[in-house]
Amino acid sequence: MKLALSELEERAESAGLSNVATKVQSGERLSSTDGLALYQTSDLPLLGLLADQVREKIHGDTCFYNVNIHINYTNWCNKFCTFCAFQRRPKDDGAYCMSPEQIHDALKDANPEATEVHMVAGVWPALEYDYFLDILRAAKSARPDIHIKAFTMVEIDQIVKSSGKPLNDVLHELKEAGLDSLPGGGAEIFSERVRQELYPQKMGAERWLELAKAIHRAGFRTNCTMLYGMTETLDERVDHLDRLRDLQDETGGFQAYIPLAFHPANTGLEHLPFPSPDERLRSIAIGRLFLDNVPHIKAYWVMLGIAVAQTSLTWGANDLDGTVSQERIYHDAGADTPEVLSRERLHHLIREAGRIPVERDTLYRPIAS
Ligand code: V47
């Protein structure tokens with residue numbers, strides 16, 4: 001849906017968002033107060049229209065997707081986050097840790113058209129530094145051309161501790177072993193209040209941001225995320241986005257922002273609802289409007305659900321991730337989305353949303369078909 005400028009202005013005025021709409025039209029940066037107003041507005045369609053305008057200015061009619069594989073190499077974890085259904089101690093039922101050989105074989109057997117493997121997992125300090133170099137080498141030996149996007153800041157923090165070496169040496173060695181870029185997970189919500197309540201063993205915002213900065217400066221691209229729908233306030237969501245935006249001003253290293261809707265099943269927060277479709281679309285749209293320096297807003301269908309992910313392509317998102325397969329973190333937390341979507345299905349979803357599908361590699365370079 002498109003509105004003439006005068007209609008949009010009228011609508012924004014009656015929603016009390018004139019100021020925000022004017023800033024969006026002129027490309028001016030939104031303040032935290034504006035961010036909060038967007039979280040609070042009841043005119044959700046207006047929010048979607050504003051976000052879609054910005055998306056269109058940057059990306060026109062195209063929508064990216066990628067062909068990827070997920071490998072969650074271990075669920076052993078000592079962080080005991082209340083929101084997580086994936087974690088196990090090594091002796092628990094269902095605990096597993098993949099050997100380098102198993103990772104090699106899993107990749108050999110996986111979709112031959114995949115251009116990316118996304119490898120993230122729990123954190124278990126007894127896993128030695130060499131294990132991480134070996135799993136990267138195993139992945140590259142199975143699929144020399146595949147891009148390895150691996151390890152959240154939380155995993156990197158542990159890998160550095162296990163190595164006993166300086167961060168930059170470790171990054172260099174991980175790169176030599178095959179690491180190409182890093183995903184955006186592990187940030188959760190930067191609020192120290194929520195961290196103390198739900199994930200006190202996990203690193204805080206300062207360390208996450210410090211690592212992301214150093215990793216960008218070492219030449220790696222990463223993504224960024226926000227896990228929402230737990231016990232955080234709207235102010236805390238805005239503060240999280242503000243800190244991501246500040247770091248991006250400094251380094252430019254974030255490629256994509258992925259808002260992650262909290263899935264409560266099988267977690268310590270089962271009493272909470274899964275964020276409503278409105279809430280999920282709002283989070284995509286606010287990501288597009290507030291993070292004016294992050295080029296790509298990713299709709300991760302595994303956690304958004306396929307219908308909301310498709311709708312989000314007209315609410316500011318310009319990237320539908322991906323064919324996926326073998327993902328465990330959300331499926332353990334009750335996500336009822338399929339294990340995998342075919343390239344044809346992604347094309348169909350994107351075309352139905354009125355966009356032209358463009359396959360990309362992990363660094364957002366179009367892949368000629
Ligand atoms: O860090 C864990 C989140 C993240 C739950 O960079 C949960 O391209 C919801 O970061 N409900 C890992 N969320 C996944 C992630 C990711 C996903 C897709 C693409 C990219 C990318 C990154 O998942 C964790 C945590 O924030 N998470 N448990 C849960 N029950």
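A residue is taken as buried when its relative accessible area is under 20%. By this criterion, buried residues make up 60% of the 369 residues in the protein chain of this predicted model. The chain contains 16 helices and 10 strands. Its radius of gyration is 20 Å, close to the 21 Å that the globule rule gives for 369 residues, so the chain is as compact as a globular protein of that length. Along the principal axes, the C-alpha atoms fill a box of roughly 60 × 50 × 40 Å. Of the contacts with a separation of 6 or more, 77% are accounted for by residues 24 or more positions apart.

The second largest pocket has a volume of about 210 Å³. Its lining consists of 14 residues, and Val24, Gly27, Val54, Leu289 and Asp292 are those that lie nearest the centre of the pocket. At least two lining residues come from each of α2 (18–26), α4 (44–59) and α12 (277–290). The greatest contribution is that of α4, with three residues. Both domain 1 (5–57) and domain 2 (63–359) are represented in the lining of this pocket, each by at least three residues. In terms of residue class, the lining comprises seven nonpolar, six charged and one polar residue.

Several features of the backbone were also examined. Most residues other than glycine have a negative phi, and most peptide bonds are trans. The peptide bond from aspartate 321 to glycine 322 is cis, with omega near -5°. Glycine 322 lies in the loop that runs between β9 (319–321) and α15 (329–332).

Positive phi values occur at asparagine 266, where phi is near 65°, and at tyrosine 364, where phi is likewise near 65°. Neither residue is glycine. Asparagine 266 belongs to the loop between β7 (254–261) and α12, the helix that also supplies at least two residues to the lining of the second largest pocket. Tyrosine 364 is placed in the segment after β10 (356–359). Tyrosine 364, in contrast, counts as buried because its relative accessibility is 9%, and the limit for burial is under 20%.

Key:
Residues are numbered from 1 along each chain as its sequence is written. This is a predicted model: local features need pLDDT of at least 70, side-chain atom pairs count only at pLDDT 80 or more; totals for chains, interfaces and linings use all residues. Side-chain values use heavy atoms; hydrogens and water are left out. On a 1 Å grid over the protein atoms alone, a cavity is a set of points where a 1.4 Å probe fits but cannot get out, and a pocket is an open set with protein on both sides within 12 Å along at least five of seven lines; lining residues have an atom within 4 Å of a point. Grid points are joined across faces, edges and corners, and a volume is the space filled by probe spheres set on the points. Helices (H or I, at least four residues) and strands (E, at least two) are DSSP runs, numbered from the N terminus. Ala, Val, Leu, Ile, Met, Phe, Trp, Tyr, Cys and Pro count as nonpolar, Asp, Glu, Lys and Arg as charged, and the others, Gly among them, as polar. Domain bounds come from an automatic or database domain assignment. Buried means under 20% relative accessible area, exposed over 50%, partly exposed in between (1.4 Å probe, protein chains only). The radius of gyration is taken over C-alpha atoms; the globule rule is 2.2 Å times the number of residues to the power 0.38. Contact means heavy atoms within 4.5 Å.
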